[in-house]
Amino acid sequence: MGLGIRFGKTVWNVAAGSVARAACLLPGVDQEYRIEERLSGPWPVGPYLWLHGASLGECRMLLNLACALREDLADCPKILITSQKAEVVSYLNEACAGIADVSIAPADIPSTLDSFVKAVQPLGLVLAENELWPGYLSTLSRISTRKNIALVSGRYRRSLPFLDFSGMGIACLQTAADLGRFSYASKGAVPCTMGGDWKLLNWARDGGLVCAPENPVVDVVFLSFHLEESEALLRMAKDSVDKGEAPVLMPRRLAELNQFRRLLLDAGLPVVDYPVVRKGCVSLVSRFGLSREILLKSRSAVVGGAFVRTLGVHDFWEPLRMGVATCVGPYAKGHENIVAKLVSAHVLAQIHSPVDFLRRRFPSVDTVRLSLAQEKKKVLDSYFLLLNFIKGLK
């Protein structure tokens, strides 16, 4: 390892450790982010196959992956899923029962990772999307002579310049652009494939059917909206209510639910609580894990994270694969290439302003079905590569 890389890692470790310990002194921060637990554990006792993601969407994908591995590997090891987000860990603790164990993710500093690895005894590490933590990569590389790290559903823009890619045995990137950037950054040292978005994994393994919901009672679901998007949301929700529709709002963060409720009421919009759905009222969803249930009875969806430039557009694949006419806003941070491709192919609708909400397109189910068949092949091909990789870790 070069001097520059060693120096960069040293600076990162010192800075990360100092920030984490300082945060522990702030009770509100420590409670929200569980800093002390991320530094000191306790950690579950392995050996485990370790899966790590950040956001709820990534970790739901990893939960689906865990289910698939348990079905498709004859001697599947115990699985541990981690996230650094406390609210995601809370969701996973319930959702993963009988499938995988769950823990807050360890802080990316040497002393913490040493104690984590000693307890967890990871056979390998599967990273979701772009969770390329320097200490995670170097620590897993150090504990095994085998390449024991995989990146799945990868989205790659850039990373810290001192990352050690030597322990990575496979990288499945979402798009050709992601693959090109990652190959350049890793200097071609990691076997790469274009594997699509693994949020489609369960759907692809189950046959990949796309069927429009029958007799939908929800006219539009506003999916994973942030408070920063409230101005756009209020305009669209008002148009929907004025038209006599039954809209449903699923906030991205449950902590923002009451603020959304206040804003809607202050705007003169009637509000009910889901599962009540009523024409001329906005139905508010107050817990995670209901998106599938709601989409099964929805005519259309508008995906959040797409109405503020600095946010990232959220999971548009879920409504698409369920045959729901899906729309995104003007921005697609993190998914620019695939969103542009799907919009051009008339699979996704895109509006450039909330003023255009009522004039949005409703893509045909047949067009969506044809496009997703191509994505299904990419996802399944890359999943089988991961299966073979994990078999080689035993």
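Start with the ring rule: rings of Phe, Tyr and Trp (its six-membered ring) pair if their centres lie within 6.5 Å, and planes under 30 degrees apart count as stacked, over 60 as edge-to-face and the rest as tilted. By that rule there are 13 aromatic pairs. Before you click, note that this is a predicted model, where local features need pLDDT of at least 70, side-chain atom pairs count only at pLDDT 80 or more, and totals for chains, interfaces and linings use all residues. Residues are numbered from 1 along each chain as its sequence is written, and side-chain values use heavy atoms, with hydrogens and water left out.

**Stop one: the rings.** Select Trp-50 and Tyr-136, a tilted pair at 5.0 Å centre to centre with 50 degrees between the planes. Trp-50 sits in strand β1 (residues 48-52) and Tyr-136 in helix α7 (residues 134-142), so this pair ties together parts that are 86 residues apart in sequence. Helices (H or I, at least four residues) and strands (E, at least two) are DSSP runs, numbered from the N terminus. Both Trp-50 and Tyr-136 are buried, where buried means under 20% relative accessible area, exposed over 50% and partly exposed in between (1.4 Å probe, protein chains only).

Next, jump to Phe-222 and Phe-225, whose ring centres are 5.7 Å apart with planes at 90 degrees, so the pair is edge-to-face. Phe-222 is buried at 1% relative accessibility, and Phe-225 is buried at 0%.

**Stop two: α6 against α7.** Show helix α6 (residues 110-120) beside α7: their axes come within 11 Å and cross at roughly 45 degrees. Axes here are lines fitted to C-alpha atoms, for helices over the stretch in contact, and angles run from 0 to 180 degrees between N-to-C directions. For the side chains, pick Leu-113, Asp-114 and Val-117 in α6, which meet Gly-135, Tyr-136, Thr-139 and Arg-142 in α7; contact means heavy atoms within 4.5 Å.

**Stop three: the backbone.** Select Gly-41 and Pro-42, joined by a cis peptide bond with omega near 10 degrees. Pro-42 is in the loop between α3 (35-40) and β1. Tyr-274 to Pro-275 is also cis, with omega near 25 degrees.

Where does Lys-187 lie? Look in the loop between α8 (176-185) and β7 (192-194).
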